[in-house]
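Have the viewer open while you read.

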Amino acid sequence: MKAFAVAVALVGMISSGVAAASTGNELSEQCQAFIKDPTPPSKYFESGVCVGYINGMVDGISLAKALSPEKVSVCFPQQGFTSLQAVKVVQRYLDTHPERLNEDAMILTSTALRQAFPCQ
């Protein structure tokens, strides 16, 4: 599990840069900008941070799964999914668990993805 957390954290940090969300509140605000159609020009940066962060988490989980398949309980669909779908999965989790928004964005994102894509 420790290797999984480190892999997810490293890929997430590399993918999203220094402006990454640290809490669910910050991530939710950034992701709402990405989901909004069309994204307001004043929110392009926040929107990009959201999708970069979540794509980094997906990449990190995929890497951890490849390295330690028995320790990672997330199974992404073989046919894949879009960045928008991944963001909507995480945003839905954040919307349905407002009591957790003050928690770490990495934990919330991995929990949302694990619930949406459990291994059978």
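1. Start with the handedness: H2 and H4 cross in a left-handed sense. Bear in mind that this is a predicted model. On the H2 side the contact uses Gly24, Leu27, Ser28, Cys31, Gln32, Phe34 and Ile35. H4 answers with Ser83, Leu84, Val87, Lys88, Val90, Gln91, Leu94 and Asp95. Sorted by class, that contact of H2 with H4 comes to 8 nonpolar, 5 polar and 2 charged residues.

2. On the geometry of that pair, H2 (residues 24-35) and H4 pack at an angle of about 135°, and their axes are 10 Å apart. The two helices are therefore oblique to each other.

3. Which residues of H2 are buried? They are Gly24, Leu27, Ser28, Gln30, Cys31 and Ala33. The cover over the buried residues of H2 includes H3 (44-67), H4 and H5.

4. H4 (residues 83-96) also packs against H5 (residues 105-116), at about 105° with axes 9 Å apart. That angle makes H4 roughly perpendicular to H5. From H4, the contact takes Val89, Val90, Tyr93 and Leu94. From H5 come Leu108, Thr109, Thr111, Ala112, Leu113, Gln115 and Ala116. By class, the contact of H4 with H5 has 8 nonpolar and 3 polar residues, with no charged ones.

Methods: Residues are numbered from 1 along each chain as its sequence is written. This is a predicted model: local features need pLDDT of at least 70, side-chain atom pairs count only at pLDDT 80 or more; totals for chains, interfaces and linings use all residues. Side-chain values use heavy atoms; hydrogens and water are left out. Axes are lines fitted to C-alpha atoms, for helices over the stretch in contact, and angles run from 0 to 180 degrees between N-to-C directions. Helices (H or I, at least four residues) and strands (E, at least two) are DSSP runs, numbered from the N terminus. Angles under 35 degrees count as roughly parallel, over 145 as roughly antiparallel, 65 to 115 as roughly perpendicular and the rest as oblique. Contact means heavy atoms within 4.5 Å. Ala, Val, Leu, Ile, Met, Phe, Trp, Tyr, Cys and Pro count as nonpolar, Asp, Glu, Lys and Arg as charged, and the others, Gly among them, as polar. A crossing is left-handed if the near helix is turned anticlockwise from the far one by less than a right angle, and right-handed if clockwise. Buried means under 20% relative accessible area, exposed over 50%, partly exposed in between (1.4 Å probe, protein chains only).
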